[in-house]
Amino acid sequence: MVDSFYLHLFETEQRHEQQQCAMSYAYPTFAEIANKPNSTLSAKYKLYLYREGYLDRSDQLYGVPALFIPGQAGSHKQIRSLASTTTHLYHDGKSDRNIDYFTVDLNEELSALSGQTLLDQAEYMNQVVERILSLYEHHPNRPTSVIIIGHSMGGLVARTMFMLPNYIPNSITNIITLATPHMAAPLLLDATIYKTYRELTKFWTQNKLNNLTLISIAGGSLDVIVHSDGVNTASFIPATHGFTTYTTSIPGVWTGADHMAILWCNQLIRILASTLLETVYAASVEERMQIYKRNLLDGSDDSIISNQITDISANQLEIKTLENTSTPILFNQQKTTMTVIRSPATKMQLLTNVPRKDDSCWSIVQCHDENHCKYTLPQVTVLPSASAESLIDSTPFRLLDIDTSSSSSIGIIQHCQMPVDSFIQQYQDTPTIHGNSIWSIIRKRVSFTVDPHSTTHVFPLIRNSLFAFDVKVASLAGHGLYKPMMKQMINNLEIKYYRHLEANQSNRITFHQEMDTDHQGLSLQFFTDRQSMDIEIKLDWYGTLGRCVLRYGAILVNFFWASSLIILMTQVKTYAINGKREFVAYPVALVQCVQEPFLQLMALLVAAVAIINFMPSDSSMLSVFVTKYMLFGSNDWLFGALLILVFALAVGLNAIIWLLISLLTLILSTPLRFMRLSNVSAPVTSTHFFVHLSIVAGLLSFLPSALVFTLYFSVWLFMTCSARNAARSDLPLFQNIYKYRQSWLIFLVSFLPYYIPHLVVFIKNILIGWTYQLPESALTIAQDIPVLMTLVFLITVGRNPDVAGSK
C-alpha cells in the first residue's frame, strides 16, 4: 500500500520487482494416520497422508516417503501444490516411482515466537519419521530415510531434529527448505529461540553429516517476512552437500516469490517436483547434488545441447564471413551455410534464441582454416527470453561459451530450416570495473555507457545488502530484434533479470548476500542487439529505508526501551531535586533529554563509528573483541550510521507512544468516572510488597511469566486511568501522581513486544485443549524477575512519586 502511494504521489517511472507466479491447482484429500506416533505430543498434533483426488488410494504406499513441516502459523494443507504436481508427473509417465507425501497438523502454532514450541515440534517430528518408516515394514522396497520439505520455521525444525536424543541416525538424508531463516530468527523475542540458534550453529558446524544434502531456496526481495539474507547455509553446509539459491536465479522460474507464494508458485513447484522424483533414483550424495545443480542452477534440459550433426565437411557448405560482429546471424537460409567469425584470443560467447528442439538444425565448429574445421560443443548458460511478453512456458535464450584458444575462427552452421525469428549473435563480455563506493553514489550518481562492446559493469565496493539502488536508462539508441535485458549478479549466487528496458525508465535493484572479505561486489550485465544505452545509478532512499526497517526493525524496540527509561529517570531525578513539588510532564522531559542525555548517547555512537573506520580490519583478538562485542557486530561504518538513525527514530517513537497512551487512558478512564473510587490511596507498607512477591512466585509455578506480567500490567493501567480522573481536579498532588504513573506505563509498554507473543502462544495452546506446559527455564525466570519485581513495587509501595529520592 505504501509502495503504491509512493509511486502515485511522485509519478515515478521506477519499476519494482513484481511476482509473476502462475497458480498451482490440486484436488487434495488428507488421510489421517490412525496409529499415532509414539509421543505425548500426539494428543496435540496430527499426522496425515496426502492423496490426489481420484488418482491415489490412501491404503496404498508407493515406497518413497516425504514429510512436509509447516512453518510459523502454517497449515498441513500447504503441501498440496507440490504433492499434486508430483503425483500428476508420475501418472503422466514422467517417472517410474511416486512420492508419498506425509504432512503434520501443528495447529498453526507460532514456532517463531516460542523456542519451546520449536523444540516440541522437532521432538514430535523424530517420532513421526519413526512412525512413517514403520508403515513400510512389509513394502518390497522398504525405505530407510524420509525426504524432508520444510517451509519457513519448518526448515529450522528439521535441522533441530538432528540434535535431539530421539533422532534416528540416517533417517533423514535429503532436506529442502523454503524461505527458512537459517542464520537468524525473524523476531528474536524469546531466550529459548536464541539458545536454540546458538546450539544449532555449534552442532551443524562441528558435526559432519556425510549422508545429508540440504538445499535452501529463498524468495528474494518479495519475502518481507523472512529476510533473505538469513537463508544462506554456506556457513554450516559444505558446497559438496548443499547450496542456497533464489527463485529469481532458478532457470525457468526467474521471478521473486513472497513468503507464502513460494509454496504454490507453479514455475518453481514443477521444477521442484520433477527434481525430487529424479533424486529418488540417486544412490549417493554426489548423485543427488548433480541432480540439484543441473535442475536448480544450470537449467535442466535447456542447458544440454544434443542431437547435433558432428561429422561436418566444409566442402559441402556455402561459406560466408561475418564482417560486423555485432550483427546477429539470422537462421533464415534455405540451404546449408556456414558463417565464419574470427576468434577472440581465449573465449567467445554467442547468444541465441534457438529452442532445444531445433538443436539438430545448427552446430558450431572451430577452424584453423576453411578446410580444417572440427565440431565443438559449447557450454550453455540458460537465460530468460528477452523477447517474450511473459516468461511462463516461454522459450529461453541461451548463452554459449566456447574456448577459442586453439582456433583462428568459429563457424556457425545452419543445417535445416528454422523459425524465421531464430538468430545467433556474438556477445562481448569484457567487464568494466567501477571504483565507486556507496558514499560516492550517495553524493553523486554514477553514469556509464552500454554498447555491444561494453556490456558488463562491476562495482566491487557495492557490497552492503541494506541499500537499494535506482538503475535508470537515461537514453536508448538503436533498434534490434529484442529489447535490452539486464542481469544482476552477486558473487555468482543471487541472479536477477530485468527485461524490456526502455528509455527514461528505471528499476529498483536489491540483493541478499552475506558480506565477506572475498565478496566481488555487484555486477550488472547487459544484453542488447546493436543498441547503446546511457545508464545512471543512484541511491534509492525510499527502498533503502524500507530494507533497514524490515531487517533491523527489532532494534527500534530495544532503543525505545532504553530511551523511555532515560526519560523516566530524568523525570524522577528532576522531581527529587526540586523538592517534590512538580513531576515534569512526559513531553517536557522528552525535550530535556533531547538537549542533554540523548545528545551524549548520539556522540558515543558517532565515536564508535569513528573507531570502526580507523580500526584495522584484521583478525587480531583486540579487533575482533571491540568490533563484535563492544560495537555493532560489524566493521562497516554503515551499520553504525544505521544505529544512529534507529536511535533517532526511537526518540520519535516515544512521542507517538505518549500520544497513544494518553488517548487510551482517556478512553478507559471515562467509564471509571461513574464509579465511586477514592482519589486517595490507602497507605501501603513493605508487608504488602512481600505478600505480592509471594503471590507472583506462586503464580509462576503454574502460569507463564507473560500471563503474570499481563495481569499486573493491567492493574497498573487501571491505576493510571484512575489517576487521570483524579487529575481533573487540577490539584498538584493528583497531577503529579498521574504524570508519574503515565511515565511508568510508557516504560512498561516497551516490554509488551517481549511478553505478548508468549501470551498468544499460551492462549493458543489453551484453546486447542493443550494444558500441559513445561516449566519455564531458569534463564527465562531470571530475566523476568526484575520486571515482575518492578511491577510489584509499583503496585504496592511505589504507586506514588513520593518514593523518589535524590539517589
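Six cavities of 30 Å³ or more were counted in the predicted model, a cavity being a set of points on a 1 Å grid over the protein atoms alone where a 1.4 Å probe fits but cannot get out. The largest cavity holds about 70 Å³ of space, the volume being the space filled by probe spheres set on the points, which are joined across faces, edges and corners. Its lining (residues with an atom within 4 Å of a point) includes Ser326, Leu351, Tyr427, Thr455, Phe526 and Phe527. Two or more lining residues come from each of β19 and β27 (522-527), and β19 gives the largest share, three residues. Strands are DSSP runs (E, at least two residues), numbered from the N terminus.

Strand β19 (residues 423-427) is paired with β13 (residues 347-352) in the antiparallel sense over four bridges; pairing requires at least two DSSP bridges between two strands. Tyrosine 427 of β19 is the bridge partner of glutamine 349. Both strands belong to an open, antiparallel sheet of five in the order β11-β19-β13-β17-β16, with β11 (329-330) and β16 (379-383) at the edges.

Phenylalanine 526 contacts (heavy atoms within 4.5 Å) Tyr427, Thr455, Met485 and Ile535, among others. Phe526 is also one of the residues touching the most other members of the largest nonpolar core, which has 82 residues. Such a core comprises buried Ala, Val, Leu, Ile, Met, Phe, Trp, Tyr and Cys residues joined through side-chain atoms within 4.5 Å, buried meaning under 20% relative accessible area with a 1.4 Å probe, protein chains only.

Residues are numbered from 1 along each chain as its sequence is written. Local features need pLDDT of at least 70, side-chain atom pairs count only at pLDDT 80 or more, and totals for chains, interfaces and linings use all residues, while side-chain values use heavy atoms, without hydrogens and water.

Note on methods. Buried means under 20% relative accessible area, exposed over 50%, partly exposed in between (1.4 Å probe, protein chains only). On a 1 Å grid over the protein atoms alone, a cavity is a set of points where a 1.4 Å probe fits but cannot get out, and a pocket is an open set with protein on both sides within 12 Å along at least five of seven lines; lining residues have an atom within 4 Å of a point. Lists of a residue's contacts leave out its neighbours within four places in sequence.
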